[in-house]
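This report describes one protein model, going from the whole chain to selected residues. Please keep the sequence and the structure in view while reading.

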Amino acid sequence: MKKKITAIFAMCMLAAAMTACGGSKAPEETAAAPADTTAAAETEAETEAEAEEEPETEAEAEEYEEEEDSASDDFTLLDVTTDMIQVGVYAVDEEQNELVFSMFTAPSGTEMASLFVYCPDGSGDVICGSYTAETETDEDGITWTKLSVSDVYTGNSYNIGFAESEDDQIYIFNPAGTVYEGQYLSADETVVYMGTAVGLMS
C-alpha cells in the first residue's frame, strides 16, 4: 500500500508540474513590416485595438482579485494541517478504488469529517462537513461509529464512518454501507494523502 500511495503522490506532483509548464507559450514570430507606408496605419490600428481591450483587461483583473480575496477567506481541505487531525485511515479495495477517511477540527472549532474516494479511471468524489456521531458495539466486539455528515458541497446528509476491532483493526464504510479494511495514518500521512487526492481530482 505504501508503494501505491507513493506512486499516486508522484502522479500528483507530475500533474502539477505539467499544469505549470502548460501555462507558458513561446512568443509567436513577428512578420517583417511590408513597407514604411503602412507602418503608421498599423501602429494606429494596434493602438485602437489596445484601447478597446484595456477596459476588459482591467475588469478581468478586478474580478480575479475579488475571487482571490474571497478564496483566501474560505477554509478548504487543502488548509487542513497536522495539528487539526484526529483520525486518518486509508483503504483500497480489490478493484483499486482508494479511500481516505479523516476526522479533524476546523479553525472555527467545528468537528469535521471527510471521505475521499478515488477510482482507477480518474474519477472520484469527496464528502466533507460537520457531523453527529452514534457508536455501538456488535456481538463480535467491533465498535462501529456512524457519522451523519452534512456535506458542504451538496447540502445533503451522508452516513459514513469507521469501526475498530478489539485487536485494533480499523475499517471504514461509505454512504452505500460498503465496508473496507483500512490502515491507520499518522497526522502527517493523513494531510499528504488528502492533498494528493485533492490534486488528482481537481
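## Overall make-up

Of the 202 residues in the protein, 28% are buried. The model is predicted. It has three helices and eight strands, and along the sequence these follow the pattern α-α-β-β-β-β-β-β-β-β-α. Among contacts with a separation of 6 or more, 41% are between residues 24 or more positions apart. The protein exposes about 13100 Å², and carbon and sulfur atoms supply 51% of that area.

## Selected residues in the strands and a loop

| Residue | Location | Relative accessible area |
|---|---|---|
| Val-149 | strand E5 (residues 143–151) | 0% |
| Ile-160 | strand E6 (residues 157–164) | 0% |
| Asp-167 | loop between E6 and strand E7 (170–173) | 62% |

Val-149 counts as buried because its relative accessible area is 0%, under the 20% cut-off. Leaving out residues up to four places away in sequence, Val-149 touches a run from Ile-127 to Tyr-131, and also Ala-113, Asn-156, Ser-157, Tyr-158 and Ile-160.

Apart from neighbours within four places in sequence, its contacts include Phe-101, Ser-114, Leu-115 and Ile-127. Pro-175 is 15 residues from Ile-160 in sequence, and their C-alpha atoms are 5.3 Å apart.

## Acidic residues, buried and exposed

Strand E5 also holds Asp-151. Which side chain of opposite charge is nearest to Asp-151? It is Lys-146, 17 Å away; Asp-151 is buried yet has no salt bridge. Beyond its neighbours within four places in sequence, Asp-151 is in contact with Val-126, Ile-127, Cys-128, Asn-156 and Tyr-158. Ile-127, Cys-128, Asn-156 and Tyr-158 are also touched by Val-149.

Asp-167 is exposed, because its relative accessibility of 62% is over the 50% cut-off. Asp-167 belongs to a negative surface patch. The patch also contains Glu-139, Asp-140, Glu-164, Glu-166 and Asp-168.

Terms used:
Residues numbered from 1 in each chain as written. Predicted model: local features only at pLDDT ≥ 70, side-chain atom pairs only at ≥ 80, totals over all residues. Heavy atoms only, no water. Helix = DSSP H or I, 4+ residues; strand = E, 2+ residues; numbered from the N terminus. Buried < 20%, exposed > 50% of the residue type's maximum accessible area, 1.4 Å probe, protein only. Contact = heavy atoms within 4.5 Å. Lys, Arg positive; Asp, Glu negative; His and termini not counted. Salt bridge = Lys/Arg side-chain N within 4 Å of Asp/Glu carboxyl O. Patch = residues over 30% accessible without salt bridge, like charges linked within 9 Å, V, L, I, M, F, W, Y side chains within 5 Å. Areas by Shrake-Rupley, 256 points an atom, 1.4 Å probe, with all protein chains shown as cover. Charge placed at Lys NZ, Arg CZ, Asp CG, Glu CD.
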